[in-house]
Amino acid sequence: MAREQTATGRVSICDNRTAMRLDKFICKHTPFSHQHSRLMIASGRVRVGGDVVTDPRAEVDRFVAVWLDDRQLQGEDAHYLMLHKPPGYLSATEDPQHPTVLDLMPSALRPRLHIGGRLDRSTSGLLILTNDGVWSRRLTEPKQKIPKVYRVKTERPISPETESRFAEGIYLAYENLTTSPAQLEQLDEHEVRLTIYEGRYHQVKRMFAQVGNRVVALHRERMGAIVLDVDLAPGEHRALTEAEVASVRAVSA
């Protein structure tokens with residue numbers, strides 16, 4: 001059972017691709033002209049996130065609450081959630097045969113959430129769910145080179161050359177590309193901690209297949225600065241902290 005959290009994960013930092021000047025926002029969401037909107041803002045009739053804002057140039061994020069007098073013009077909360085995904089759940093919104101990760105989330109949130117960085121059904125560990133598409137794309141786009149850290153168990157002992165092969169990059173025929181250099185930390189002869197920077201389809205399993213080995217267990221520990229909370233049992237979730245959300249927003253666009 002997931003632990004209920006009261007935090008919504010709303011943050012005050014604006015993403016330039018989702019923010020709008022306050023005067024333009026008022027003009028867009030009311031019948032008033034641009035000049036009239038600026039006058040209403042200057043007179044203290046507009047509240048943003050609970051505070052009166054008199055600067056028409058202030059930027060408004062698409063999730064922050066905006067009020068004109070007693071009328072709410074915008075009020076959807078942004079949700080940024082960390083889930084400890086158990087094996088056996090699909091990273092999908094719905095499936096006729098298998099349980100999905102959304103089955104582990106509060107029913108009221110399910111229609112609004114999408115997955116930021118999917119995991120295979122057999123893979124466990126850190127999974128991010130959000131309703132902020134711009135933020136999740138920044139987290140998952142390969143060009144951002146955000147490190148993803150996995151704990152990997154293999155069928156065969158890990159060969160000595162695996163570390164150097166991964167550091168050079170592994171050619172993936174399906175995409176006709178070579179992966180970014182990956183770092184491998186040996187834990188024992190069948191287990192490593194692997195850091196990759198893309199997160200392509202079945203990437204970890206395909207990389208090990210290219211060096212003649214097979215992954216038998218895979219667990220994601222970290223994405224960028226977001227680390228799976230050790231207090232979360234499999235199937236439990238919590239809201240990300242403001243610092244965790246901001247760490248993704250700080251990535252270069």
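Modeller: A salt bridge here is a side-chain nitrogen of Lys or Arg within 4 Å of a carboxyl oxygen of Asp or Glu. Please bear in mind that the model is predicted.

Colleague: What is the N to O distance in the salt bridge of Asp69 and Arg45?

Modeller: Side chains of opposite charge can pair when their charged atoms come close. The side chains of Asp69 and Arg45 form such a salt bridge, and the N to O distance is 2.6 Å.

Colleague: How many residues apart in sequence are the parts that Asp69 and Arg45 tie together?

Modeller: Asp69 belongs to the loop between strand S5 (66-68) and strand S6 (71-74). Arg45 belongs to the loop between helix H2 (34-42) and strand S2 (46-48), so the pair links parts whose separation in sequence is 24 residues.

Colleague: Is Asp69 buried, partly exposed or exposed?

Modeller: Buried means under 20% relative accessible area and exposed means over 50%. The relative accessible area of Asp69 is 35%, so this residue is partly exposed.

Colleague: Which strands hold Glu191 and Arg151?

Modeller: The side chains of Glu191 and Arg151 meet in a salt bridge with an N to O distance of 2.4 Å. The pair ties together parts that are 40 residues apart in sequence, because Glu191 lies in strand S14 (residues 191-196) and Arg151 in strand S10 (residues 148-154).

Colleague: Where do Arg206 and Glu175 lie?

Modeller: These two residues also meet through their side chains in a salt bridge, at 2.7 Å from N to O. The parts they tie together are 31 residues apart in sequence, because Arg206 lies in helix H5 (residues 203-210) and Glu175 in the loop between strand S11 (171-172) and strand S12 (177-178).

Colleague: Which elements do the buried residues of H5 pack against?

Modeller: The buried residues of H5 are Gln203, Val204, Arg206, Met207 and Phe208. For Arg206, the relative accessibility is 18%. The packing partners of this buried set are S10, helix H4 (162-168), S11, strand S13 (183-188), S14 and strand S15 (215-223).

Colleague: What are the phi values of His202 and Gly212?

Modeller: His202 lies in the loop between S14 and H5, and its relative accessibility of 28% makes it partly exposed. Although it is not a glycine, His202 has a positive phi of about 50°. Just after H5, Gly212 has a positive phi of about 80°.

Colleague: How are H1 and H2 oriented to each other?

Modeller: Helix H1 (residues 22-29) packs with H2 at an angle of about 120°, and their axes are 8 Å apart. Angles of 65 to 115 degrees count as roughly perpendicular, and those over 145 as roughly antiparallel. H1 and H2 are therefore oblique.

Colleague: How do the residues of the contact of H1 with H2 divide?

Modeller: From H1, Leu22, Asp23, Lys24, Ile26 and Cys27 take part, and they meet His34, Ser37, Arg38, Met40 and Ile41 in H2. By residue type, the contact has 5 nonpolar, 2 polar and 3 charged.

Colleague: What share of the contacts in the protein with a separation of 6 or more comes from residues 24 or more positions apart?

Modeller: The secondary structure comes to 6 helices and 17 strands, and buried residues make up 48% of the 253 residues. Among the contacts with a separation of 6 or more, the share from residues 24 or more positions apart is 65%.

Key:
Residues numbered from 1 in each chain as written. Predicted model: local features only at pLDDT ≥ 70, side-chain atom pairs only at ≥ 80, totals over all residues. Heavy atoms only, no water. Helix = DSSP H or I, 4+ residues; strand = E, 2+ residues; numbered from the N terminus. Buried < 20%, exposed > 50% of the residue type's maximum accessible area, 1.4 Å probe, protein only. Axes fitted to C-alpha atoms, helices over the stretch in contact; angles between N-to-C directions. Parallel < 35°, antiparallel > 145°, perpendicular 65-115°, else oblique. Contact = heavy atoms within 4.5 Å. Nonpolar A, V, L, I, M, F, W, Y, C, P; charged D, E, K, R; others polar.
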